Amino acid sequence: MEKTNIILEIKNLSVEYRKSNKIIPALRDISLTLDKKETLGIVGESGCGKSTLAHAVLKLLPETEGKITSGEILFREKDSSRIDILKLADDDLRKIRGNRISMIFQDPFNSLNPVFRVGEQITEAIRIHNNAGNKSKGNDIELRNRVIKLLELVQLPNPELIMDYYPHQLSGGMQQRIMIAMALSCNPDILIADEPTTALDVTIQKDILDLLKELQKKLGLSIILISHDLGIIAQFCSRVIIFYAGTVMEKAPTDELFHNPGNPYTKGLLDSLPGKSGTAAGEHKRLKVIPGQVPDLTDLPDGCKFNPRCSFKIDKCSGKEPGFIALNKNHVSRCYLANELK
Amino acid sequence: MWKILLARFKKNKLAIIGAVTIFILVIIAVTAPWIAPYDPATLDMARRLEPPTIQHLLGTDDLGRDILSRIIYGTRISLLIGFVATGIAILIGIILGLVSGYFGGLADTIIMRLVDVFLCIPTFFLILMVLAFLKPSIWNVMVVIGLTGWPGLTRMIRGECLSIKEREFMQAVKVMGLSNIRIMFVHLLPNVMVPILVSATIGIGGAILTESALSFLGLGVQPPTPTWGNILASGKPYLSFACWVSLFPGLAILVTVLAYNLLGESLRDVFDPRMNE
Amino acid sequence: MLKYLIKRLLFMIPLILGISILTFTIIHLAPGSPVDMVTSMNPDVDANAKARLYSLYGLDKPLYLQYWDWLKRIVTLNFGDSFKDGRPVINKIAERLPPTLLLNVLSLGLIFFFALVIGVSSAVRQNTLYDKSMTVFVFLGFSIPMFWLALLMMLLFGIILGILPISGMRSVNYDMLSTAGKIWDLISHLILPVFVSAFGGLAYLSRYSRSSMLEVIRQDYIRTARAKGLPENTVIYKHALRNVLIPIVTLLGLSLPALISGSVIFETIFSWPGIGRLAYEAIMSRDYPVILGVSIIATALTLTGNLLADLTYAYIDPRVRYK
Amino acid sequence: MNSNNRLLEVRNLKKWFGVERGIFKRSVSNIKAVDGVSFHINKGEILGLVGESGSGKTTIGKMLVGLLNPTQGTILFKDRDVSTMKRSRLGLKLQIIFQNPFSSLNPKLSVGTIIGEAVRLNNRTGDNKHAQENVMQATKRLLQTVGLPGHVVNDYPHQFSGGQRQRIGIARALAMDPELIIADEPVSSLDISIQAQILNLLSDLKDKYGLSYLLITHDLNVVRHVCERVMVMRNGKIVEEGVTSSVYNNPEHPYTEKLLSSIPELPL
């Protein structure tokens with residue numbers, strides 16, 4: 001692994017939520033790296049902490065509830081210096097947010113402020129990060145042109161018209177394009193896409209994902225794509241990280257993960273997917289299932305967090321939580337039996 | 001479920017303060033004849049407008065009656081008016097609100113227009129007007145306050161019903177073929193109980209306040225029956241030299257209404273902790 | 001926009017009709033004929049007035065015809081003459097309206113401003129000591145008997161400290177004062193009533209703005225604003241506040257009836273020469289034409305307030321403006 | 001296909017929602033949510049209904065169970081027009097399972113009450129000697145059928161996870177002894193590992209009780225796995241209908257083709 005190629009490194013990140021005197025360990029000891037120009041996929045079920053991770057990277061956790069208890073989030077600047085985002089003062093943090101690292105979210109309609117025109121919302125981001133405090137006439141025209149260019153970039157028709165629209169006047173797909181334009185407005189290095197197509201129809205989903213792929217090539221973005229949909233991950237990511245109950249279960253290159261999963265949880269997920277292209281349509285054979293429920297974070301089992309639902313379980317699984325076991329240089333799994341699953 | 005609510009309630013200081021105050025007030029109202037030091041109606045013209053002393057802890061009024069005793073007896077009237085008036089308003093509000101929200105259509109249109117009409121008239125003015133025509137007896141006061149208190153409540157209950165009606169469990173019971181009455185009272189009503197409870201609690205405070213204002217203007221419960229409002233009003237002419245006559249009943253009203261309001265507002269937090277976490 | 005305005009105005013018609021029916025019903029609620037009831041209790045009413053009243057109600061006709069005649073008269077703003085001094089009711093109202101409007105507009109402005117400040121600042125500092133003290137503070141205003149507070153204020157500032165006038169709108173020597181003196185005279189008369197009225201009306205709006213602020217700052221678009229790198233002040237005072245303002249404007253219109261209700265009480269206490277006091281005096285002396293006139297005017301005021309609020313709402317909320 | 005085998009037949013079903021304008025609320029235009037749809041469901045069959053949001057698929061489901069009245073068209077259930085059947089009778093034959101397990105159960109009622117109510121309704125016409133205890137027993141049996149322990153009858157919905165709630169919703173539908181279940185996005189708000197559990201449960205119940213399903217979903221993978229026949233809906237119309245494998249392998253309508261090509265392929 002070439003160290004210099006890493007643009008973002010998260011080390012031993014832990015996050016807790018506090019709700020009515022309960023402590024909920026949302027993330028426990030997460031470490032991962034993101035390379036320049038790669039798309040890293042993060043997959044997991046609800047409550048596994050994948051969105052918490054996305055928010056933690058920019059310290060966007062709800063102030064009173066979410067607390068980062070340990071870890072480092074190291075971001076490599078253009079001049080190769082590394083800064084720990086968690087240690088930044090508020091002012092410096094804001095220079096990262098939306099500027100070097102930006103985000104798009106699941107629900108584009110609710111993510112855009114309903115009372116401001118979309119053009120204004122994009123302009124605002126540019127203005128903040130260019131310190132263009134002076135609202136001179138020339139500046140305004142320049143900004144407007146820049147917004148129009150961005151809207152063209154995300155392939156919206158009639159950008160001059162659309163920038164004066166309010167969010168509710170646009171369709172879901174168009175709203176998400178606005179979000180993307182806003183995220184890209186300051187030429188960020190990293191884009192975090194948190195379930196960017198979950199709220200959209202499947203045909204629109206494809207358009208948006210294709211757009212992201214194209215933009216990545218064009219602009220050299222590094223993308224973290226968070227999704228619960230293994231199909232999306234398979235198509236758009238070069239590497240995948242599997243989350244379960246606030247911790248990483250497996251990290252692997254995409255192809256390897258799908259063909260040679262090194263963790264019973266991953267294996268179970270893949271087996272339980274309906275409608276795999278290999279099976280004949282309408283066969284409705286019983287699916288292989290992972291038994292049981294997604295665990296309650298306030299009441300996690302001892303040892304491996306997956307052990308109560310695991311069909312490969314051995315005695316020590318409920319003892320000490322396993323560490324990462326390497327299947328090869330790029331593939332690790334948090335499972336005692338990682339190498340023996342086949 | 002109740003345990004969680006109880007635990008949240010215990011943690012909420014304002015709720016405790018409100019509940020304890022109301023409890024004490026109810027005790028005072030019930031035991032008034034035993035704890036009041038004097039008969040509230042006994043006149044003593046020799047001791048008019050005496051400032052607070054050991055004999056008369058809160059002083060005497062313009063007819064020499066013991067103010068403390070009158071306030072203690074006034075508690076009965078105030079609480080009674082609060083409960084009955086709010087009870088009437090809640091009852092009308094629940095029925096009209098449920099019908100309007102659940103059935104919709106023509107019934108909804110008629111009820112909501114009626115609500116609009118009532119909400120456009122300043123309520124207090126309406127009450128004054130009606131009481132000017134009727135004799136302002138304690139029953140009239142309660143009924144009139146109650147009969148003017150329902151429009152806001154109806155609108156709120158209807159709104160809640162409309163949003164709950166859209167939830168899928170309501171559709172499920174419709175598909176099952178349950179009767180409308182059963183759906184309304186077994187499935188819908190329990191889901192709107194929390195806002196009703198909150199409104200009721202705050203409404204009691206409001207009714208007490210309204211009655212006191214009516215008494216103050218001479219259209220509430222008539223003397224010699226002591227109410228906080230008319231004791232307060234009786235002190236107005238002597239304000240500059242015997243302020244205790246008006247001061248203490250006002251305090252009693254303030255404490256009582258505040259207790260209801262704080263309890264009501266805290267109940268909202270207890271039942272809907274989303275806002276508070 | 002014009003279409004919307006016309007639609008709203010048309011919707012007011014059934015409302016006004018409903019209200020007039022209600023008022024009319026209340027008059028006939030009284031046992032016996034309203035005229036007898038008034039005349040038997042009010043020595044000021046002479047035979048003349050009695051005759052006028054009979055013709056006003058057309059008491060010999062069937063009820064619906066009485067209503068119809070009465071309605072026709074109301075539409076032309078003919079409320080008849082006061083029993084008390086025989087002056088046309090409409091003139092009495094016209095001279096009492098400006099002071100009431102002055103008072104209510106001022107206290108509405110204060111309420112709006114302080115409710116927002118208190119609501120927003122408590123929401124941002126949710127569950128702190130500040131938030132809790134503000135909760136108790138605004139509930140104090142909500143729970144305090146307004147007339148009692150008014151009395152205490154009069155006692156303190158008017159009698160004990162002697163720095164503010166306690167009744168009326170103008171001092172006796174008003175006409176002799178310079179322009180600045182006149183303005184100050186008016187302001188000093190306004191301070192106590194406006195304060196009492198605003199303090200009482202603060203609770204509802206400030207609680208509402210607090211809870212709607214709490215809701216807004218949990219919205220996705222607030223997270224977006226933060227993710228963009230906006231400073232926290234911009235996030236709160238631009239992105240959040242704009243969304244909080246919209247529903248508050250509507251509530252402001254809806255709180256008018258409560259304010260007018262309040263007017264009856266504190267105008268009476270402060271001897272403020274407004275509609276509220278006129279209403280109270282009319283009710284106490286059973287001056288029917290005046291009672292009716294005032295109730296119709298108060299309703300019209302409320303409806304106008306609601307309409308203004310809705311128009312403002314439609315104007316500031318793009319979701320309504322651009323359907 | 002012989003018509004005795006037909007459980008449900010829908011002919012030229014339409015649902016137009018009027019857009020009302022002006023003070024007199026006259027309808028100036030109509031949103032044609034469902035615009036002339038005909039199809040049938042055979043006994044023991046799972047028919048898939050796919051489409052994107054706003055295609056009208058949920059509106060069809062609601063009309064079938066009587067939650068919405070059709071603007072036009074006929075729905076025949078076992079050759080009887082459902083518009084002439086009483087809702088309480090219809091409910092015994094046709095039940096519905098909803099998408100959102102968090103809003104499909106009344107939060108204020110216990111699981112026993114929710115299901116018990118359906119059990120009691122179902123037995124209303126038969127023997128009335130079903131006492132409280134019998135209802136309780138039947139409720140517990142139903143819970144076990146859907147894979148939950150019987151002792152949860154006293155628990156409240158908020159104590160369950162999404163998948164478990166969906167099971168309770170299924171038990172409630174089963175309590176009415178239905179012959180056809182409209183499953184409106186029954187798994188789309190569930191986690192992947194739970195989706196498979198529920199899909200298996202639905203297919204087990206089909207075998208056990210001889211149920212038929214109309215499976216409404218946007219998830220083409222689920223349809224491919226579960227359904228024998230599929231209909232593709234767009235803008236209120238059925239654009240393609242056929243045996244699942246042939247529709248998936250040789251889509252005829254360009255929209256079906258676009259839909260199918262939008263599914264992210266799994267490298268498996």
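Contact, for this tour, means heavy atoms within 4.5 Å. Residues are numbered from 1 along each chain as its sequence is written, while chains are lettered from A and ligands numbered from 1 in the order in which they are written. This is a predicted model, in which local features need pLDDT of at least 70, side-chain atom pairs count only at pLDDT 80 or more, and totals for chains, interfaces and linings use all residues; side-chain values use heavy atoms, with hydrogens and water left out.

**Stop 1: chain D**

Select chain D and colour by secondary structure. You will find nine helices and 10 strands; here helices (H or I, at least four residues) and strands (E, at least two) are DSSP runs, numbered from the N terminus. Among contacts in chain D with a separation of 6 or more, 69% are between residues 24 or more positions apart. Of its 268 residues, 56% count as buried, where buried means under 20% relative accessible area, exposed over 50%, and partly exposed in between (1.4 Å probe, protein chains only). The accessible surface of chain D is about 11,200 Å², and carbon and sulfur atoms own 46% of that. Accessible areas come from the Shrake-Rupley method with a 1.4 Å probe, and for residues only the protein chains shown count as cover.

**Stop 2: chain B**

Now switch to chain B, which has 12 helices and zero strands. The C-alpha atoms of chain B fill a box of roughly 75 × 45 × 30 Å along the principal axes. Of the 277 residues in chain B, 58% count as buried. For contacts in chain B between residues at least 6 apart in sequence, 71% join residues at least 24 apart. Chain B exposes about 11,000 Å², with 71% supplied by carbon and sulfur atoms.

**Stop 3: a nonpolar patch on chain B**

Stay on chain B and show side chains for Ile16(B), Val20(B), Phe23(B), Ile24(B) and Ile27(B), which make a nonpolar surface patch of about 440 Å². Patches are made of residues with over 30% relative accessible area and no salt bridge; like charges are joined within 9 Å, and nonpolar side chains (Val, Leu, Ile, Met, Phe, Trp, Tyr) within 5 Å. Centre on Ile24(B), in helix H2 (residues 13–30) of chain B. Ile24(B) is partly exposed, with a relative accessible area of 45%.

**Stop 4: where chain D meets chain B**

Bring chain D back alongside chain B. Here 26 residues of chain D are in contact with 20 residues of chain B. How much area is buried between chain D and chain B? About 2,100 Å², of which carbon and sulfur atoms give 59%; buried area is the accessible area (1.4 Å probe) that two parts lose on being put together, summed over both.

The rule finds one salt bridge across the interface of chain D and chain B, a salt bridge being a side-chain nitrogen of Lys or Arg within 4 Å of a carboxyl oxygen of Asp or Glu. Select Arg182(B) and Glu117(D) to see their side chains meet in a salt bridge, at 2.7 Å, N to O. On the chain D side that touches chain B, helix H2 (87–90), strand S6 (94–97) and helix H3 (111–123) each supply at least two residues.

**Stop 5: where chain C meets chain B**

The contact takes 54 residues from chain C and 45 residues from chain B. The area buried between chain C and chain B is about 4,400 Å², and carbon and sulfur atoms give 79% of this area. Select Phe147(C), Trp148(C) and Leu151(C): they supply 14% of the area that chain C buries against chain B, more than any other three residues.

This interface also has one salt bridge by the rule. Look for Glu265(B) and Arg207(C), whose side chains meet at 2.8 Å, N to O. Then highlight H13(C), which gives the most to the side of chain C that touches chain B, with nine residues.

**Stop 6: two backbone details in chain A**

Finally, go to chain A and select Lys59(A), in the loop between helix H1 (50–57) and strand S4 (66–76). Phi of Lys59(A) is near 50°, a positive value in a residue other than glycine. Lys59(A) is partly exposed, at a relative accessible area of 30%.

Move on to Gln155(A), in the loop between helix H5 (137–153) and helix H6 (159–162) of chain A. Phi of Gln155(A) is near 60°, again positive in a residue other than glycine. Buried or partly exposed, which is Gln155(A)? Partly exposed, at 42% relative accessibility.
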